[in-house]
Amino acid sequence: MTRADAQQFYEREYQADRYAIAVDAETHSFAPVVRRFIDQFGLQHARCLEIGSGRGALQSLVDDYVGLDLARTAGVGYRKPFVAGSCEQLPFADSSFDAAWSYAVLEHVPRPEAALAEMRRVLRPGGLLLLAPAWQCRPWAAEGYPVRPYADFDWRGKLVKLSIPLRESIAFRAMHILPWRLARLIAHLVAPGRPMGFRYRQLTPNYEQFWMSDSDALNSMDPFEAILWFRSRGDRCLNYPTLPKALLVRTGELVIRIEKATN
């Protein structure tokens, strides 16, 4: 799937008003997290960018706001600046913003590492990023295995559906995730000054039938990978400040302080 495929899908969904989950901060599920972020770091009057802003439900939370979304049709009804564009190539100058946030977006991006690099580029030194994608999207979401009846599937599909409770268990997931994290941690510790690449699993999104949350996800990412990616570039993850704590991260938002050098 390409960026053009994703753009066509979201243009269509916003135009049909099927993707507008919330239209204001009172009904947006992520608003309390953004409010805490704003209050904790005194960002009320800071220049802020929302990446993947949808209908602009959170535009009223700060004074100086810019919203960006891939779909032009999402921009109807904005009261503050809206820009249609890709987070893989943000249309802003270096160090343009004091803070940025992104919710449930990065899992829909064909090249998530490019998006992370762009987020870092447009934030000033000392700028703050609130990053909250859907981590570790499941490959079976595209076909809606958890929500569809067994009768929908052939024998192979029935086996997939039957295996999901086991594959979702904490013990099973830990057996697969922790060894990989330890290997990545060792790679970081062996070469602490070398920027690490961002590892993720590509998924095939379903742009025909939205069975469940993340049916349209393009990738599955581990939050520990994101922490290492920023940390290896000299940035700080403020809510997971130590590697032992970061090693056990499960889900939720990351708060990153960008520590890139000034020119």
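**Around Q136**

Tutor: Start with Q136, which is buried, at a relative accessible area of 14%. Buried means under 20% relative accessible area, exposed over 50%, and partly exposed in between (1.4 Å probe, protein chains only). This is a predicted model, where local features need pLDDT of at least 70 and side-chain atom pairs count only at pLDDT 80 or more, while totals for chains, interfaces and linings use all residues. Residues are numbered from 1 along each chain as its sequence is written, and side-chain values use heavy atoms, with hydrogens and water left out.

Student: OK, where is Q136 found?

Tutor: In the loop between β5 (123-132) and α4 (155-168). Helices (H or I, at least four residues) and strands (E, at least two) are DSSP runs, numbered from the N terminus.

Student: And what does Q136 touch?

Tutor: Leaving out residues up to four places away in sequence, its contacts (heavy atoms within 4.5 Å) include R173, I177, R181 and D222.

Student: Which pocket residues are closest to the centre of the second largest pocket?

Tutor: The second largest pocket holds about 520 Å³ of space. Of its 18 lining residues, the closest to its centre are Q136, R173, I177, R201 and S220. Two or more lining residues come from each of α5, β6 (200-202) and β7 (219-221). A pocket is an open set of points on a 1 Å grid over the protein atoms alone, where a 1.4 Å probe fits, with protein on both sides within 12 Å along at least five of seven lines; lining residues have an atom within 4 Å of a point. The volume is the space filled by probe spheres set on the points, which are joined across faces, edges and corners.

Student: Which element gives the most to that lining?

Tutor: α5, with five residues.

Student: Which residues of α5 are buried?

Tutor: R173, R181, R184, L185 and H188. They pack against α4, α6 (223-231) and α7 (243-247).

Student: How many residues of α6 are buried?

Tutor: Eight of its nine, so α6 is mostly covered. Among them are P223, F224 and W229.

Student: New topic. How many disulfides are there?

Tutor: The count is zero, taking a disulfide as a pair of cysteine sulfur atoms within 2.5 Å.

Student: What about C237?

Tutor: The closest cysteine sulfur to that of C237 is in C48, 19 Å away and too far for a bond. C237 also counts as buried, at 10% relative accessibility.
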